[in-house]
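Please keep the sequence and the 3D view at hand while reading.

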Amino acid sequence: MATPIDLGPLRAKIEGYLREKKLVYEGLPDGRYALRQGSTKVFIVPLAWTGGQTLVKLFAPVALAITQITPELTRFLVEKNAELLFGKFSLDAKGKAIWYEHVLLGNSLDVEELFSAIVTIALTADQYDEQVQALSGGKRLADMAAPADGSPVTSPSAR
């Protein structure tokens, strides 16, 4: 049986980089981090991988509570994935959501790589959320009412 990977050092590295770049972030109880950008948030998730390696998954909700998956929507997402150089749109049909995401190697993570990923994910999700909302019948994160218990609006799977 493989030895569990301690994500503490990776979390400390991420928090140090966020402070170094003077970014306002929220540490979530489940070990994720969240940063607000425009009409969305970027979530940062430290993950154990294989062979002692770690990953840092970054994602932002583009549309939540989607009501339709049409050929026009899927074509738009695929075409944008072919055009954009960094990150990808992903369609979570079961969770009724569309995300913009990217994954970095945690063991070799550096401050500029993390910062560039945060900025790109945030700006891309914010740029396309209204178009995707119109195509999917979904809602932007900014349009979702916060739960009364204060829990996060979104709870994506680690996939």
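## Serine 136 and its surroundings

Serine 136 touches Ala63, Ile66, Thr67, Gln68, Leu73 and Ile98, with residues up to four places away in sequence left out of the count, and contact here means heavy atoms within 4.5 Å. The residue lies in helix α3, where helices (H or I, at least four residues) and strands (E, at least two) are DSSP runs numbered from the N terminus. Serine 136 has a relative accessible area of 0% and is therefore buried; buried means under 20% relative accessible area, exposed over 50%, and partly exposed in between, with a 1.4 Å probe and protein chains only.

## What kind of model this is

This is a predicted model, in which local features need pLDDT of at least 70 and side-chain atom pairs count only at pLDDT 80 or more, while totals for chains, interfaces and linings use all residues. Residues are numbered from 1 along each chain as its sequence is written, and side-chain values use heavy atoms, with hydrogens and water left out.

## The chain as a whole

The protein chain contains three helices and six strands, and, read along the sequence, these follow the pattern α-β-β-β-β-α-β-β-α. Of its 159 residues, 40% count as buried. Among the contacts in the chain with a separation of 6 or more, 63% are accounted for by residues 24 or more positions apart.

The chain exposes about 8,600 Å², of which carbon and sulfur atoms supply 55%; accessible areas come from the Shrake-Rupley method with a 1.4 Å probe, and for residues only the protein chains shown count as cover.

## Helix α1 and its buried side

At 1.5 Å a residue, the 13 residues of α1 should span 18 Å, and this agrees with its end C-alpha atoms, which are 18 Å apart; the expected span of a helix is 1.5 Å times one less than its number of residues. Leu10, Ile14, Tyr17 and Leu18 are the buried residues named in α1. They cover an arc of only 100 degrees around the axis, which puts them on the same side of α1, the arc being that of the directions from the helix axis to the C-beta atoms. The face turned away from this buried side carries the exposed residues Pro9 and Arg19, whereas the cover over the buried residues of α1 includes β2 (33-37), β3 (40-48), β4 (54-64) and α3.

Isoleucine 14, which lies in helix α1, is buried, with a relative accessible area of 0%. Not counting residues up to four places away in sequence, isoleucine 14 touches Tyr33, Ile44, Pro46, Val56, Leu109 and Leu114. Isoleucine 14 and leucine 109 are 95 residues apart in sequence, and their C-alpha atoms are 8.6 Å apart in space.

## How α1 meets α3

Two packed helices are described by the angle between their axes and the distance between the axes. Helix α1 (residues 8-20) and α3 pack at an angle of about 75 degrees, and their axes are 10 Å apart; axes are lines fitted to C-alpha atoms, for helices over the stretch in contact, and angles run from 0 to 180 degrees between N-to-C directions. That angle makes α1 roughly perpendicular to α3, on a scale where under 35 degrees counts as roughly parallel, over 145 as roughly antiparallel, 65 to 115 as roughly perpendicular and the rest as oblique. Ile14, Tyr17, Leu18 and Glu20 of α1 make the contact with Val111, Leu114 and Ile118 of α3.

## Helix α2

In helix α2 (residues 71-83), the buried residues are Leu73, Phe76, Leu77 and Lys80. They cover an arc of only 95 degrees around the axis, which puts them on the same side of α2. On the other side of α2, Pro71, Arg75, Val78 and Ala82 are exposed. The elements that cover the buried residues of α2 include β5 (88-92), β6 (97-105) and α3 (111-136).

## Two loop residues with positive phi

Most residues other than glycine have a negative phi. Lysine 22, however, has a positive phi of about 55 degrees although it is not a glycine; this residue lies in the loop between α1 and β1 and, at 72% relative accessibility, counts as exposed. Alanine 65, in the loop between β4 and α2, likewise has a positive phi, near 55 degrees, and is partly exposed, with a relative accessible area of 37%.
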